[in-house]
Amino acid sequence: MEFFKSTNIDFLGKKWYFLTFSLIFSVAGVLSMAFWHGVPLGVDFRGGTLVYVKYSHTPDVSAIHGDLDRAGLRNARVQAYDQAHNSNEVLIALDIQETSEQALDRGKTQIIQALESHAVPGKQDLNNASSLTIANYLLERDPLHLGTDAGPRYTAIAQSVVDDRDKAKGGVLGSLDELKSVVDPAVVASLGDNFFVSDFGIRNVEIVGPQVGQQLRKQAILATLYSLGGMLVYLALRFEWIYGVAAVLTVFHDTLITVGAFSLLNWEISLTVIAAILTLIGYSNNDTIVVFDRIRENIKLLRRDRLADIVNKSINQTLSRTILTAGLTFLTVLALFLFGGEVLRGFSLALVIGILIGTYSSIAIAAPILVAYQEWRGERGKKPIAMPLRSGNSPTPPKEKVKV
Amino acid sequence: MNKNLTWKLVVIVGILLIFLFGIFGIPKVWSGSGILAAITDRIHLGLDLRGGTHLILQVQVNDAVSVDSDNAIARLKEDMRTHKISYADITKPDTVSHPDMIVVKGVPPEQSSDFKSIVADRLPDYDASSGVENSWTVSMKAQNLADLKNRAVEQAIETIRNRIDQLGVSEPVIQEHGLGQYQILVQLPGVDDPARVKEIMQSTAMLEIKQSLGGPYSSEQAALQDKGGVLPPDAVLMQGKSIGSRRDQEGGEQWYLISRASAVTGRDLRTAEPTNDENGQPAVRFILTGEGGRKFYSFTSAHVADSLAVILDNKVQEVAVIKDAIRDTGIINGRFTQQEVQDLAMTLRSGALPAGIKYLEERTVGPSLGADSIRSGVRAAVFGMLAVLIFMLIYYHWAGVNADIALILNLVILLGFMGYFGAVLTLPGIAGVILTVGMGVDSNVLIFERIREELRNGKTPPSAVEQGFSHAWITIVDTHVTTIVSAMILFIFGTGPVKGFATTLVFGLAANLFTAVFVSRVIFDWVLSRKERGEALSI
């Protein structure tokens with residue numbers, strides 16, 4: 001089976017279309033970053049408080065807003081997510097102003113108190129109790145009348161209660177009766193004296209102070225810049241410096257469009273999205289080098305041809321591999337986007353955009369930069385750049401001979 | 001089969017076994033859950049996948065500097081008194097940004113050389129420089145200041161580690177956090193309710209036993225009035241916790257006049273343990289070290305019938321009258337719960353923090369969320385992998401089998417590496433795995449497309465395979481080395497998620513260079529060795 005036998009598409013002839021396409025997307029992204037949504041940084045980089053809450057029923061966002069308002073958290077952002085999968089989850093976010101450096105977790109405590117406004121007086125919430133709290137309570141009550149080894153036994157029972165809640169029931173118990181299959185009924189009855197079951201459980205909390213947010217921002221940018229620098233140096237050594245420059249410009253183009261897309265969609269850029277952007281940089285760069293390698297090889301073989309023709313030929317020769325690899329990687333990433341769940345959503349979106357843009361850019365951006373540079377040199381009356389062929393006339397000799 | 005080829009196959013199988021051991025070890029139980037336990041025993045999951053608490057805290061190193069300069073002031077005053085050097089005033093003008101700076105005003109010019117020699121002899125960590133109007137600025141030498149701050153961070157790490165160890169958290173991470181100044185990273189797997197742990201870590205647990213010179217007073221003013229408006233120079237007012245028998249006065253403020261000098265401090269403790277006081281209330285019993293006991297004995301024998309205050313973190317916990325000389329043991333009681341008593345005994349045993357700490361970042365991943373992330377991540381990865389494996393078979397026929405074997409072996413080696421190096425698999429690490437799979441597929445596609453191209457140009461299968469590999473090899477090296485170079489840089493300069501990504505990527509690409517090129521080639525050679533000359537290659 002073969003999709004592309006031998007294509008002969010004039011890619012460089014279409015460079016103005018490519019340029020227009022890239023410009024539209026980059027400019028739209030830049031405009032959105034400058035005037036519309038800005039760069040929507042997540043709590044990691046901006047600082048603030050994020051609490052993920054899971055309900056046992058479809059959450060009523062306006063009621064939650066009401067509870068938070070009454071507790072004085074007027075600027076809280078409440079967002080129900082993954083409604084398609086009926087996950088009953090809500091994300092509550094507080095700005096950095098409400099995240100004090102003195103008492104970092106005050107915002108979290110306030111949110112929990114606000115949501116527990118319908119609590120049963122004098123009882124604790126089993127859905128938000130830690131195993132230690134439960135174990136201590138059981139130890140005090142001793143519902144099973146255990147003798148000497150009560151401590152470890154009740155610790156184990158408390159752990160199985162918490163495990164059932166968190167692992168089997170996804171974080172929220174519907175009622176105390178659900179525990180009867182897991183622990184002794186006497187324990188359940190005793191728990192009922194002190195605990196009630198609320199309709200929510202806290203799944204995840206992120207609190208980032210302003211100082212750390214700033215550090216992370218600086219560090220993510222620096223690490224990315226250094227690694228681009230490393231890439232540039234390596235390519236300059238292996239090829240010509242212009243190849244390194246072209247590769248880095250291409251990667252920059254990809255990053256700009258991806259970040260722009262996040263700005264346009266107003267999706268938050270978190271630390272995991274940064275990891276995805278780093279992945280796309282690696283991927284796009286990989287694609288670019290494959291084309292460059294072929295150009296280098298062809299320049300050697302076809303010494304008389306114009307660079308534009310050589311580049312076109314090289315892109316066409318590698319086109320079948322480009323499309324196959326892109327298609328397969330895209331398949332993996334698409335699986336992640338579709339089945340990866342809410343936590344991976346931003347991350348896989350960055351990859352989905354990144355694979356598309358990264359593949360496109362190695363053909364539409366990287367190669368034309370090489371040709372444009374060559375033409376510019378030509379106009380200034382200089383000789384076309386000769387390719388340094390470090391391994392002599394033939395590529396690296398194969399390591400071993402084929403035995404037939 | 002060719003001998004050379006046999007050896008290569010042996011190498012491949014050997015490597016496969018080595019890395020399989022890296023992933024699984026030798027499971028104790030040969031069942032599904034036993035094998036799963038064996039894997040998680042060797043490949044550690046990050047907090048984002050297994051649930052737990054991640055904290056970044058900052059040591060307020062200026063606290064430690066302040067303590068040091070307070071001591072320096074005390075020594076300076078004493079020495080100036082003994083050397084009869086007069087001065088107008090000693091202050092610390094900038095406690096916020098220069099807590100080490102001491103300004104001494106009004107030293108007579110004729111005594112300035114004496115003053116300088118006192119500083120040089122008695123305060124070797126400090127430098128004195130003269131300023132306007134007979135004033136002197138005494139501040140800590142830069143090197144000593146930096147040492148003091150770093151030591152405070154090291155001590156804080158040590159103390160926090162002691163405390164967390166006693167809490168029984170498994171596999172905690174407590175280390176200096178390189179990203180910021182004087183920061184400590186604490187990761188506590190499986191801890192989903194950080195409130196108690198945070199409190200235990202934060203309590204400085206500074207225990208002092210001092211003489212109580214008066215009190216309780218209902219307010220600071222009352223204390224001042226009692227002493228005629230002026231406090232004795234060697235005493236300070238301290239607030240007390242309303243405690244013990246005065247439970248009825250709950251909420252009312254209490255102030256005590258406490259001597260500045262300590263009889264004993266937390267450093268003189270040998271151990272501390274929960275107990276009950278004579279009323280059956282939870283309390284903490286402490287035992288002093290030999291030297292501490294002697295100090296305490298001489299102090300108490302000289303102060304029989306005086307009052308003694310037990311002070312914890314600058315709050316008076318208890319005041320009692322000394323009935324008899326005490327040697328080496330005592331009881332701290334207050335209105336403690338059983339839990340508080342246990343925690344207090346534990347923090348006292350683990351030693352005092354040299355400085356206060358402040359929390360900068362707190363993340364808690366509930367176990368349910370971590371489990372969800374794993375489930376969906378693994379599901380997505382399996383779907384993606386299966387789609388890729390099946391496609392390769394359809395598109396490249398028998399050669400697709402090569403690619404599939406190479407890909408699976410790549411994952412085995414990647415996970416095996418992680419098992420051997422104790423690397424941690426995180427969500428961003430899964431991104432690294434995806435890029436690895438992508439580049440692994442890419443290497444195979446590059447090679448196969450090249451072989452097809454050579455076959456189209458009329459080459460025989462063996463020479464097409466050879467040409468295909470040798471051309472693709474250059475490209476593969478270039479793509480892999482650039483990516484490894486940038487991933488290494490990310491590993492060095494990155495922390496947390498960025499590092500997790502770089503780790504799997506470096507391991508994965510290194511494995512890929514082996515599997516896509518060497519393993520795939522050996523399989524091709526093996527297939528070719530079994531074919532008749534001129535027989536077509538299934539690709």
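This is a predicted model: local features need pLDDT of at least 70, side-chain atom pairs count only at pLDDT 80 or more; totals for chains, interfaces and linings use all residues.
1. **Extent of the interface.** On chain B, 77 residues are in contact with 70 residues of chain A. The elements of chain B that contribute two or more residues to this side are α1 (3-24), β17 (357-365), α11 (367-421), α12 (427-456), α13 (461-493) and α14 (496-529). The greatest contribution to the side of chain B that touches chain A comes from α13(B), with 19 residues. By class, the residues on that side of chain B comprise 40 nonpolar, 23 polar and 14 charged.

2. Eight strands form an open sheet with antiparallel pairing, in the order β2(A)-β3(A)-β1(A)-β6(A)-β17(B)-β2(B)-β8(B)-β7(B). At the edges stand β2 (77-81) of chain A and β7 of chain B, each with a single partner strand, so one side of each lacks a neighbour in the sheet. From one strand to the next the twist averages 20°.

3. Strand β6 (residues 200-208) of chain A pairs with β17(B) in the antiparallel sense, over five bridges. Here A:V208 has B:E361 of β17(B) as its bridge partner. Within chain A, β6(A) is also joined to strand β1 (residues 48-55) by eight bridges, and these two strands run antiparallel. One of the pairs is A:V51 with A:V205, the latter lying in β6(A).

4. **Strand β8 of chain B.** All seven of the seven residues of β8 (residues 183-189) of chain B are buried, so this strand is largely enclosed by the rest of the structure. The burial applies to both faces: B:Q183, B:L185, B:Q187 and B:P189 lie on one side, and B:I184, B:V186 and B:L188 on the other. In a regular strand, side chains alternate between the two faces of the sheet.

5. **Partners of β8(B).** Strand β2 (residues 52-59) of chain B pairs with β8(B) in the antiparallel sense over seven bridges, and B:G52 has B:P189 as its bridge partner in β8(B). Strand β7 (residues 173-176) of chain B is joined to β8(B) by four bridges, again antiparallel. In this pairing, B:E176 stands opposite B:I184 of β8(B).

6. Helix α4 (residues 106-115) of chain A lies across β1, β3 (89-94) and β6 of chain A, and runs at about 30° to β1(A). Helix α8 (residues 210-238) of chain A lies across strands of both chains, namely β6 of chain A together with β2 and β17 of chain B. The direction of α8(A) is at about 70° to β17(B).

7. **Domains of chain A.** Chain A is divided into domain 1 (12-42 + 209-379) and domain 2 (48-207). The centres of these two domains of chain A, taken over C-alpha atoms, are separated by 44 Å.

8. **Packing of α11(B) with α14(B).** These two helices pack at an angle of about 145°, with their axes 8 Å apart, and their crossing is right-handed. Residues making the contact include B:A406, B:L409, B:I413 and B:F417 of α11(B), and B:F507, B:A511, B:T515 and B:V519 of α14(B). By class, the contact has 14 nonpolar, seven polar and no charged residues.

9. **Packing of α6(B) with α7(B).** The axes of helix α6 (residues 142-167) and helix α7 (residues 194-202) of chain B come within 9 Å and cross at roughly 145°. The crossing of α6(B) and α7(B) is right-handed. The contact is formed by B:I160, B:R163 and B:L167 of α6(B) with B:V197, B:I200 and B:M201 of α7(B). Its residues divide into five nonpolar, no polar and one charged.

10. **The three-stranded sheet of chain B.** An open sheet with antiparallel pairing has the order β12-β13-β16 in chain B. Its edges are β12 (269-276) and β16 (329-333), each with a single partner strand, so one side of each is left without a neighbour in the sheet. Neighbouring strands are turned by 25° against each other on average, direction ignored. Strand β13 (residues 282-288) pairs with β16(B) in the antiparallel sense over five bridges, with B:A283 opposite B:N333 of β16(B). Helix α10 (residues 338-350) of chain B packs on this sheet, touching β12 and β13, and its direction makes about 175° with that of β12(B).

Note on methods
Residues are numbered from 1 along each chain as its sequence is written. Chains are lettered from A and ligands numbered from 1 in the order in which they are written. Two residues are in contact if their C-beta atoms, placed from the backbone, lie within 7 Å. Ala, Val, Leu, Ile, Met, Phe, Trp, Tyr, Cys and Pro count as nonpolar, Asp, Glu, Lys and Arg as charged, and the others, Gly among them, as polar. Two strands pair if DSSP finds at least two bridges between them. Axes are lines fitted to C-alpha atoms, for helices over the stretch in contact, and angles run from 0 to 180 degrees between N-to-C directions. A crossing is left-handed if the near helix is turned anticlockwise from the far one by less than a right angle, and right-handed if clockwise. A residue is buried if 20 or more other C-beta atoms lie within 10 Å of its own, exposed if 12 or fewer, and partly exposed in between; C-beta atoms are placed from the backbone. Domain bounds come from an automatic or database domain assignment.
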